Amino acid sequence: MAKRLLAAMAGIAFLMTLAYYSGSLRSERAMEQEKERLLAQIESLELLTKEQAAAPGDSVQADTAASGGEKTQMKPEGTGSEESAEFRFFIKEADGLVNIYREDGTTLYETTDIPVSLLPEALCREIRAGKGVATEQELYDFLENYSS
C-alpha cells in the first residue's frame with residue numbers, strides 16, 4: 001500500500017513538473033511575440049520622430065483607426081481647417097532648459113527652469129527639434145505637467 005501511495009505521489013509530481021515546464025514554454029513564446037510587437041512599435045515611432053525632425057513645423061501622427069495605418073498630417077486647430085493651421089508656440093531647448101518661443105520660432109515668449117535632461121527621452125528629442133504647440137492652453141498644460 002505504501003509503495004502504491006509513493007508511486008502515485010511520484011506520478012503526480014512528474015505530471016505537475018511537466019505542466020509547469022509546458023506553461024513556461026508557452027509564456028516564453030508569448031513574451032517573444034510581445035517583444036517583437038514592441039520592437040516594431042519602437043521602430044515606427046523612430047520613423048515618426050525622424051520625419052518630425054525633418055519638418056519641425058509639422059506634427060506627424062499615425063491615424064490607424066481612420067486610415068488603416070497610413071500616416072496623416074495633423075495640424076493644430078485655429079484656422080477652421082485641420083490641415084492648414086500653424087503652431088502658435090514652439091518649445092525648444094536653450095542652455096539645457098526648456099524655453100518657449102512665439103510662432104516665428106525665434107522670439108522668446110517665456111523661459112522656464114525645467115531641465116531638458118529630466119524629461120523623457122522621446123520628449124527631449126522633440127524639444128531639441130522644436131516641439132510645436134497649437135494653443136496657449138496646450139502650452140500651459142505642458143508646463144503644468146513638467147514643472148515643479
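A residue counts as exposed when its relative accessible area is over 50%, and as buried when that value is under 20%. The model discussed here is predicted.

**Surface patch.** Phe14 has a relative accessible area of 56%, so this residue is exposed. Phe14 sits in helix H1, which covers residues 2-54. With Leu15 and Leu18, Phe14 makes up a nonpolar surface patch. Together the three present about 330 Å² of accessible area.

**Nonpolar core.** The largest nonpolar core has 14 residues. Those touching the most other members are Ile91, Val98, Ile100, Leu119, Ile127, Leu139 and Phe142. At least two core residues come from each of strand E3 (89-94), strand E4 (97-102), helix H3 (121-129) and helix H4 (136-146). Beyond its neighbours within four places in sequence, Ile127 contacts Ile91, Lys92, Glu93, Val98, Val116, Leu119 and Phe142.

**Aromatic pairs.** The count is three aromatic pairs. One of them joins Phe87 and Phe90: the ring centres are 5.8 Å apart and the planes stand at 75°, so the geometry is edge-to-face. Another joins Phe142 and Tyr146, with centres 5.0 Å apart and planes at 45°, so this pair is tilted. Phe142 and Tyr146 are four residues apart in helix H4, and therefore about one helical turn separates them.

| Residue | Relative accessible area | Class |
|---|---|---|
| Phe87 | 7% | buried |
| Phe90 | 12% | buried |
| Phe142 | 7% | buried |
| Tyr146 | 34% | partly exposed |

Phe142 thus links two topics: it is among the core residues that touch the most other members, and its ring pairs with that of Tyr146.

Technical notes:
Residues are numbered from 1 along each chain as its sequence is written. This is a predicted model: local features need pLDDT of at least 70, side-chain atom pairs count only at pLDDT 80 or more; totals for chains, interfaces and linings use all residues. Side-chain values use heavy atoms; hydrogens and water are left out. A nonpolar core is a set of buried Ala, Val, Leu, Ile, Met, Phe, Trp, Tyr and Cys residues joined through side-chain atoms within 4.5 Å. Buried means under 20% relative accessible area, exposed over 50%, partly exposed in between (1.4 Å probe, protein chains only). Contact means heavy atoms within 4.5 Å. Patches are made of residues with over 30% relative accessible area and no salt bridge: like charges are joined within 9 Å, nonpolar side chains (Val, Leu, Ile, Met, Phe, Trp, Tyr) within 5 Å. Accessible areas come from the Shrake-Rupley method with a 1.4 Å probe; for residues, only the protein chains shown count as cover. A salt bridge is a side-chain nitrogen of Lys or Arg within 4 Å of a carboxyl oxygen of Asp or Glu. Rings of Phe, Tyr and Trp (its six-membered ring) pair if their centres lie within 6.5 Å; planes under 30 degrees apart count as stacked, over 60 as edge-to-face and the rest as tilted.
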